[in-house]
Amino acid sequence: MVLRRLLAALLHSPQLVERLSESKPIRRAAQLTAFALMQAQLRGQDAARRLRALAAGPAGSLGRRAARFRDTFTQELRRGLRERPGSPPGSQRGPGANP
């Protein structure tokens with residue numbers, strides 16, 4: 001508790017904060033932080049640019065891909081339900097139902 005108060009008092013001192021900001025370790029930490037933030041921003045912009053290019057690709061290729069995925073998924077689901085042993089879906093009763 002005493003250490004926390006002492007640290008808070010030191011960090012609220014403008015002179016100490018100024019001296020710390022001019023020290024090499026703090027300046028280096030700030031440089032590394034700025035570098036990491038810039039890299040993340042550039043990668044995010046690049047990813048957004050690629051997504052926009054993909055969406056605006058050759059006459060709705062993204063829409064065609066989504067439709068093809070939907071159709072294939074539906075076909076496979078129906079095929080799996082047909083080949084499933086047992087009674088068809090909907091004819092089963094829930095737990096506790098009288099047969």
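Me: What is the relative accessible area of Arg 70, and is the residue buried, partly exposed or exposed?

Reply: This is a predicted model in which local features need pLDDT of at least 70, side-chain atom pairs count only at pLDDT 80 or more, and totals for chains, interfaces and linings use all residues. Residues are numbered from 1 along each chain as its sequence is written, and side-chain values use heavy atoms, with hydrogens and water left out. Buried means under 20% relative accessible area, exposed over 50%, and partly exposed in between (1.4 Å probe, protein chains only). Arg 70 has a relative accessible area of 51%, so the residue is exposed.

Me: Which residue meets Arg 70 in a salt bridge?

Reply: A salt bridge is a side-chain nitrogen of Lys or Arg within 4 Å of a carboxyl oxygen of Asp or Glu. For Arg 70 the N to O distance is 3.4 Å. The partner, partly exposed at 39%, is Asp 71.

Me: How many salt bridges does a search of the whole structure find?

Reply: One of them joins Arg 79 to Glu 76, with the closest N and O atoms 2.9 Å apart. These two residues lie 3 residues apart in helix α4, about one turn of the helix; helices (H or I, at least four residues) and strands (E, at least two) are DSSP runs, numbered from the N terminus. The search of the whole structure finds 4 salt bridges.

Me: Are the rings of Phe 69 and Phe 73 stacked, tilted or edge-to-face?

Reply: Rings of Phe, Tyr and Trp (its six-membered ring) pair if their centres lie within 6.5 Å; planes under 30 degrees apart count as stacked, over 60 as edge-to-face and the rest as tilted. By this rule the count comes to 1 aromatic pair. Because the centres of Phe 69 and Phe 73 are 6.2 Å apart and the planes lie at 20 degrees, the pair is stacked.

Me: Where do Phe 69 and Phe 73 lie?

Reply: Phe 69 is exposed at 60% relative accessibility, and Phe 73 is exposed at 52%. The two residues are 4 residues apart, about one turn of the helix. Both lie in helix α4 (residues 61-83).
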